[in-house]
Structures are given as C-alpha cells and as structure tokens.
Amino acid sequence: MSVVSIFKADEIRIVPSYFSLEPEKLQPGAQVKGRYFDGYPVIVKQEVSPPKYRMKILKDVMVPMRDGVRLAVDIYLPDAEGEKFPCLIAWGMWGKDNQEVVLWLKDLAQPYYTSPWWDGTLEAGDIEYFVSRGYVYVIPDPRGVGKSEGGPPRTLTDLHKPEDIYDLIEWVAQQPWCNGKVGMLGPSSYSLSQYMIATNNPPPHLVALFPIGSFYPPADPFTGMIDLSLASIFHGGHIHDSTLPVRQWGPPVTPEILPKDEFEKRLKELLEHPDIKFHPKVRSVLVYPRDPILFDYLMTAFHPVPVNDNLDKVTLPIYIGVPAPGGGGARIYWSGYEAYNKVSSKHKKLIIYIPGEFPRPFVHMQYEMIRWFDYWLKGIDNGIMDEPPVKIFVGGVNKWKFEDDWPPKDIKWVNLYLRKGNKLSTIPESDTRPDVLHQPMPLKDPTVYALSYYTDPFTEDTEIIGPAALHIETAIDQDDINWMVTVVDVSPDGTKQLMTEGWLRGSFRAIDESKSKPWAPVHKVQDPVPIPKGEKVRYDINLMPIAWVVQKGHRIGVIIRTQDDMFSRLAIGGIYFLPRMVDITVNLYLPNSYLVLPIKGKDTLPIGSKG
C-alpha cells in the first residue's frame, strides 16, 4: 500500500542554489544548438549603446489625456541639449515616485523568497542604465494613482487604460527630445500595460515591446482555482511589497452589470459557501466591498465568463519573458507561454528565466532588453535577431540554452504511472484498490496530507522541456475539491527542488476536447458542475511547463494534495489558494492515473530495471 505523507512546502527548494543572470557573449557563427551556457547566451555582432550621457530629471510633468484628465509623469533624459532620442515607457500601477529607489538600491537588489526585503513593486527597471546609453525613460502614474488626476479606479483595466497609454505614447513622440520611436518594457503590471495597448489599436509611434514578466490574465489557462495572491499583492501583504498607491477605490462593477436578483443570488451563494464563511478575511471583502477588484473577482469565481485574449491582434515586435515554475510568484505569469504561441507578430522572441521572480529592484537582464531596443529603436544590427527565438534557463543543471521554438519540436511525451508503494513508473499499475487520503478541514487540523509517488533513480542525465499534465481518477466524499500537484527533483541526499506545479478545482474539470491534448488539457470556462459523491471521476490537471535536466542518480516525485501549506513562507506572504473548509476523503485509483512529461532525445525514461 502507498503511505500518506505530511506536505511541508518549505522543504521544497523553489529558488536554485546557484544561477547567473549575466550574459554569456558569443561570436557570430558560434555553434549554439544543443549547448548549455553558464549565463544567458547572446550573439554579439555589435555591442550595445555605450554609457556616455549624464541624466537630468523632469518631475511631475502633467500630461493631458483626451478627456482633459492630466497624468503626472516623471521623465528621465540624457543631458544633451538639442539631441533627440528614442523613448521607453514603463507604465505600471505601483507609483512612479517609488520607482526612484532603483537609483540608490540597484547594487543591493534583493532575491525573491530568500530575502526579507524583496519588494515586488520595484519593477519599473534600471532607469539610469538606459538613460546613460541614449534613451529617454518615462514613468507615469495612471489616473487615480499617486499624483495623477482622475479616478477612482475600479478595475485592472482602469489602471492600464489603453486610451491613456495611447495618448501618453503620442504625447511623448511629439516632444523635442524624442526621435518619434517609442518602446515599452517591464514585468507584471508593466507588462499588462503593453498587452492592453498592443491588443487595442496601438499608436503609430509605438515600435517594440518587452513584457519580460508576462502578466496578462485573459491568456492564463483556466483552472477554476480561487487565487488570493492579488489581494495580498494590491495591499502590501505579499512578502514585503509596498501598498498600491491608489488614492481611493471606486465601487465594485458587478452590482451595476448584473441584474439585481442575480447579484443578490450570487452574493448569498458566496456568503453561505463554507470556503468563504469560515475564512473571515475573505468574507469581509464581500461584507465591506472596499476592494472592487477582489469583490468582483469573487463574484465571478463560481460563474466565470470566457474572455477573448485578442493576442492575435499583437503584430508589434515583442520579446516575451516568463519565469520557470517557482512557488507562487510564477503562476501569475503562466500567460506568457500562451502569448508567445498566439501573438501574430512576425518578430517575436521568448525567454524563460529563473524560477519565481527577479530580484528587486528589477535591474537584471537589462543588457538583453537594451539589445532589443537598440535593434528596433536605433537600428543597430547587434545580433539579437540572428539568434534562435527561444532562450531557456534549465533547472537541475541551472544553465541556459537556445531552442528553435516553444515547445521544442524534438520532444516526445512519456507517461509515468502512479504505482502502489509510492512508486512512479513507465509501467501501469494493475491493482485496482485505491490509495486513500483524508484531509481534515484546515480550521480543525492545518496539517497538509499528501500522496506522493517517486521514480527509481535515473541512470543518465535526461532533458525534460515543454508542457506537462497529470491525469488522475478518484472518488471523493464531497461535491468539490481543490487539486494541487507538485513535481519535484529529488537528489541522492534527499533534497527536493521544485520542477513544476499545477492546480484544478474539481467542479471545473470539464475539458474542451477540440482544444485539449494529453499534455495540455484545456478546461471549459463555465459554471461549476458538482462532483458526484463516491463515483469515480477523471481529472486532467494542467501543469506549468517544465525546463529541466534530471541528473543521473536523481529521482522525479509527484506530490498530490488538496490544499496549500498555510505555514509556508509563501502562504504567510499572501500567496495561496482559498482552502476548502470541509473534511474530505479521497480514493485515488492508480491504473488510470499518470503524469505526462516532455522528454528530449529519448523514447523512454532511463530509470532503471524497475521502471
């Protein structure tokens, strides 16, 4: 029989023990296919623009929008009277004045997860790096934020309003210090603004985009999970984030767009739901709707509406960045993989970087960013467009490599079956007796119980790169469940490191057969369908894509549970899914339960004679 284990999230390393965020420079014509590099590889035909300008600053410039509202804007310029320069706009919601700290903290950037001072809001970029090399750097406050007029904001769109972004770009392009070419850059909120304008009538002077931390919720794979991360991020509860500097929030939108009877029905449904009523902090958002974005999010959680991501409208040159799976922070960037495959641009690139998040302030990989903008805004043929389009940080060996596409063309998907005795094997299980997991309501017992399955040690190094999924068959004694899956690399000394993770709320298990593949299930965006108690049900769980080398002697493990570890570093820092507030018993049937992995260069997995 398989043994139930106790899951402790902090026992799994999510940040690599070593890695480089520095470029490894290569000569034109260098062999790059199939090679690993210590730093991210770059083909250098010509060096980037050299630093030669001092910087001057124009603070609180009030720029009029088409409706008369004025946005407060900070402008950082090369101190060169009469010269014109290409311009970069970093449009985010975190307040322009707080982004100034990069001017004195860039040499003290704090790593994600392991530092008590990591502040995710410090992400507008290394201002001085670009200005010294001949760019104007522009950071606005969106309407209703900081010193800008207008508001109050009610939605994420209000904070990334396409019309305002359009107007600012065109205003910048007409200034005497601009050469008429404008680019946009930055992660998270600063990337959302790029997608908002690229999918909504981009202005003529916008030339190129670099959403390096690609956050675009309409493109996220649908899992039905209720993610409370945004609530923490907005209000300074995420690790050590600063608070969003909105002067005042407006009222929620759903009371206005839903018929009164439907609105009252949904609100009653939420307030009586055990997951909400036994979580006072979440319940209070509904009772006192002071946070419109979270209120509206909860109001649609059980009644989601399909949203068109419009990524096919993105035709501008775009360089998309997305972190490898990394314990919470990465999950809000999952859309980057979708975006790379869906945008219509003839000039697109993808970089998959270190797990989790960049250190903050965000000052790393600016060399890669300036190569992109030197090419598109200055016309410098520096080699960036001669490279393969995909650049990947590969965990396990913690090195970088090129690929010709995403997912790579030369992969084969291999099934690893869950077996009795906590085994993971290429041979299916024949024993039809279930493995049993009982998870108490977390208010009674916060211990997280899990079923875990492990391969034998690998007999040779093996690349696993691409999309992945877990398929399981279970019977439960409730009408809904949260599935949470963690895939780990286990070293010979027992150290576990996160390879990938995935989630699915059981009542949203229906898949779109026309769009789904065994390694990439696509779930229908529709009202939840209760799970029939006691009946066998199949679940197809999407996992974040993997980029990994399992080294000889290491093992792969898959850990299946039904809630987050609320004592973990991330959960205490506000990164967790809304837990189910009921006791639940799971019967997991192994013969039809298996993990699908993308393997490069092999037809089978080299995991010993028992595999």
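Leaving aside neighbours within four places in sequence, R509 is in contact (heavy atoms within 4.5 Å) with L504, H523, V529, P530, I531, P532, V537, R538 and Y539. The model is a predicted one: local features need pLDDT of at least 70, side-chain atom pairs count only at pLDDT 80 or more, and totals for chains, interfaces and linings use all residues. Residues are numbered from 1 along each chain as its sequence is written, and side-chain values use heavy atoms, with hydrogens and water left out.

R509 lies in the loop between β21 (496-505) and β22 (537-550). Helices (H or I, at least four residues) and strands (E, at least two) are DSSP runs, numbered from the N terminus. R509 is buried but has no salt bridge. Buried means under 20% relative accessible area, exposed over 50%, and partly exposed in between (1.4 Å probe, protein chains only). A salt bridge requires a side-chain nitrogen of Lys or Arg within 4 Å of a carboxyl oxygen of Asp or Glu. The nearest side chain of opposite charge to R509 is D480, 6.4 Å away; Lys and Arg count as positive and Asp and Glu as negative, while His and the chain ends are not counted. The R509 side chain does reach the backbone oxygen of P530, at 3.2 Å.

The protein as a whole has 14 helices and 24 strands. Its radius of gyration is 24 Å, close to the 25 Å that the globule rule gives for 611 residues, so the protein is as compact as a globular protein of that length. The radius is taken over C-alpha atoms, and the rule is 2.2 Å times the number of residues to the power 0.38. Along the principal axes, the C-alpha trace spans about 80 × 65 × 45 Å. Of the 611 residues, 62% are buried. Among contacts between residues at least 6 apart in sequence, 79% join residues at least 24 apart.

Several backbone features stand apart. Most residues other than glycine have a negative phi, and most peptide bonds are trans. The bond from G151 to P152 is cis, with omega near 0°. P152 sits in the loop between β8 (136-140) and α3 (156-159). A cis peptide bond also joins R360 and P361. P361 belongs to the loop between β12 (348-353) and α13 (366-378).

N201, not a glycine, has a positive phi of about 55°. This residue is in the loop between α5 (189-198) and β10 (206-213). N201 is exposed, at 59% relative accessibility. I239 also has a positive phi, near 50°. Its loop runs between α6 (229-234) and α7 (254-257). I239 is buried, with a relative accessible area of 10%.

Conventions. A polar contact is a pair of N or O atoms within 3.5 Å; within protein, one must be able to donate a hydrogen and the other to accept it, and residues adjacent in sequence count only if both atoms are side-chain atoms.
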